[in-house]
Amino acid sequence: GDWSQALRLLSDMADVLVERDTITYNSAATACENGKRWWLALELFFSMEDARVVRDTHSYNAAISACESISQWEQAVAIFLGMAEASVEKSTVSYNAAVSACMQGAQWLLALELVRDMADFRV
């Protein structure tokens, strides 16, 4: 599928010393998500730091959504909170994915706190 081609391309880029950047990682992560390979999207997110590739809002959103898809609300919240530590701007998608992950994990109070936070920041 597209996800396997995206991962192969990302790997091939490294083999021929072509710089992989935020866009190439995000594109590969999106392909993994679309192919329902959420764990691979998460692996890409975490590998970005090792590769010294800057993670942007889209990178974080893809990782939070991946966690939501595999019912890992704690990981989703940890990644969401990491956005502030990394000085990455949160978007509506960031909040919605984190809230949804909390709701799937029956973490109602945390979900409500995130919704209030979203309103406070007018996202």
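So, when I say two residues meet, I mean contact, with heavy atoms within 4.5 Å. Keep that in mind, and remember that this is a predicted model.

Let's start with helix 6 and helix 7. Thr92, Tyr95, Asn96, Ala98, Val99, Cys102 and Met103 are the helix 6 side of the contact, and they meet Trp108, Leu110, Ala111, Leu114, Val115, Asp117 and Met118 in helix 7. By class, that contact has 11 nonpolar, 2 polar and 1 charged residues. How do the axes run? Helix 7 covers residues 108–120, and its axis and that of helix 6 come within 8 Å, crossing at roughly 165 degrees. Angles over 145 count as roughly antiparallel, so that's what helix 6 is to helix 7. The crossing is left-handed.

Now the other partner, helix 5. Helix 5 is residues 73–85 and helix 6 is residues 92–104; their axes also come within 8 Å, and the crossing angle is roughly 155 degrees. This pair is therefore roughly antiparallel too, and again the crossing is left-handed. On the helix 5 side you have Trp73, Ala76, Val77, Phe80 and Met83, meeting Ser94, Tyr95, Ala98, Ala101 and Cys102 in helix 6. The contact residues here split into 9 nonpolar, 1 polar and no charged.

Glu49 pairs with Arg55, and their closest N and O atoms are 3.4 Å apart.

Notes
Residues are numbered from 1 along each chain as its sequence is written. This is a predicted model: local features need pLDDT of at least 70, side-chain atom pairs count only at pLDDT 80 or more; totals for chains, interfaces and linings use all residues. Side-chain values use heavy atoms; hydrogens and water are left out. Axes are lines fitted to C-alpha atoms, for helices over the stretch in contact, and angles run from 0 to 180 degrees between N-to-C directions. Helices (H or I, at least four residues) and strands (E, at least two) are DSSP runs, numbered from the N terminus. Angles under 35 degrees count as roughly parallel, over 145 as roughly antiparallel, 65 to 115 as roughly perpendicular and the rest as oblique. A crossing is left-handed if the near helix is turned anticlockwise from the far one by less than a right angle, and right-handed if clockwise. Ala, Val, Leu, Ile, Met, Phe, Trp, Tyr, Cys and Pro count as nonpolar, Asp, Glu, Lys and Arg as charged, and the others, Gly among them, as polar. A salt bridge is a side-chain nitrogen of Lys or Arg within 4 Å of a carboxyl oxygen of Asp or Glu.
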